[in-house]
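Good morning, and thank you for making time for this presentation. Please look at the sequence and the structure as they come up.

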Amino acid sequence: FPVTIDPKGESLRLVLVIDITGLRQAYKAIKANELALKESERQMGTLMANLPGMAYRCLNDRNYTMLFVSKGCLDLTGYSDYALLNNEEVAFGNLIHPADRLNLYSTFQAKLKERTNFSTIYRIITKKGEIKWVWERAAGVYDSNGALMFLEGFIMDISDQKQTEKALINLIIVTGK
């Protein structure tokens, strides 16, 4: 735009020049980060889909309210991931065998106070009413102030191992060896 600056009527053009080199570099970096994030999400999805059990994130409540469950929960529990998320159809805590619930919850609370990872074995009751032995490995996840946000872990079916163990014990009892 012409701008008059003196009484003689002379004018100058005001030109604004912006160096966008930095903006281009920032845009390229953002795009590279987006691609890396998509690849990371793809890898995580593939890994979760191929685990022989259920990965999860849940609240530290007696229902073990699930915030995330991998697709392996269907084979493990008979329930879809959607059925377990936020206790939509069933709370995971209700799948834990009644005889194991109190001990399991107490164990988790003690380990969370120690801020240590923990693993345990207990029973669940599937959608079809089948009892399965499971092994769980979990840890608390804490915010920057040290407050517990949720639990993350992995649960897998070890029923076959428990049956083998029982058969070996019976064999030892019968044979005396």
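Let me start with a question: is Glu-152 buried, partly exposed or exposed? With a relative accessibility of 31%, Glu-152 counts as partly exposed. Here, buried means under 20% relative accessible area, exposed means over 50%, and partly exposed lies in between, with a 1.4 Å probe and protein chains only.

Before I go further, a word on the source. This is a predicted model, in which local features need pLDDT of at least 70 and side-chain atom pairs count only at pLDDT 80 or more, whereas totals for chains, interfaces and linings use all residues. Residues are numbered from 1 along each chain as its sequence is written, and side-chain values use heavy atoms, with hydrogens and water left out.

Now the overall architecture. The protein has six helices and seven strands; helices (H or I, at least four residues) and strands (E, at least two) are DSSP runs, numbered from the N terminus. Along the sequence, their order is β-β-α-β-β-α-α-α-α-β-β-β-α. Of the 177 residues in the protein, 28% are buried. Contact means heavy atoms within 4.5 Å. Among the contacts with a separation of 6 or more, 41% are between residues 24 or more positions apart.

I turn next to the charged pairs. Side chains of opposite charge can pair when their charged atoms come close. The structure holds eight salt bridges, each defined as a side-chain nitrogen of Lys or Arg within 4 Å of a carboxyl oxygen of Asp or Glu. I shall discuss some of them.

Glu-152 takes part in one of these, with Arg-57 as its partner and 2.4 Å between the closest N and O atoms. The pair links distant parts of the chain, since Arg-57 belongs to strand 3 (residues 54-58) and Glu-152 to strand 7 (residues 148-157), 95 residues apart. Arg-57 is also partly exposed, because its relative accessibility is 31%.

Another salt bridge joins Lys-71 and Asp-81, whose closest N and O atoms are 2.9 Å apart. Lys-71 lies in the loop between strand 4 (66-69) and helix 2 (73-77), while Asp-81 lies in helix 3, so the pair ties together parts that are 10 residues apart in sequence. Lys-71 counts as exposed at 51% relative accessibility, whereas Asp-81 is buried at 10%.

Asp-100 and Arg-123 also form a salt bridge, with the closest N and O atoms 2.9 Å apart. This pair likewise links distant parts of the chain: Asp-100 is in helix 5 and Arg-123 in strand 5, 23 residues apart. Asp-100 is buried, with a relative accessible area of 14%.

What, then, surrounds Lys-132? Leaving aside neighbours within four places in sequence, Lys-132 is in contact with Asp-75, Leu-76, Tyr-122, Arg-123, Ile-124, Thr-126, Asp-157 and Ser-159. Lys-132 sits in strand 6 (residues 131-142) and counts as buried, because its relative accessibility is 8%. A polar atom of the Lys-132 side chain lies 2.8 Å from the backbone oxygen of Asp-75. For the backbone oxygen of Leu-76, the distance to a polar atom of the Lys-132 side chain is 3.1 Å.

Two residues deserve a backbone remark. Asn-86 has a positive phi of about 55° although it is not a glycine, and is found in the loop between helix 3 (81-84) and helix 4 (92-95). Arg-115, likewise not a glycine, has a positive phi near 55°. Arg-115 is found in the loop between helix 5 (98-114) and strand 5 (118-125), and at 47% relative accessibility Arg-115 counts as partly exposed.

Key: A polar contact is a pair of N or O atoms within 3.5 Å; within protein, one must be able to donate a hydrogen and the other to accept it, and residues adjacent in sequence count only if both atoms are side-chain atoms.
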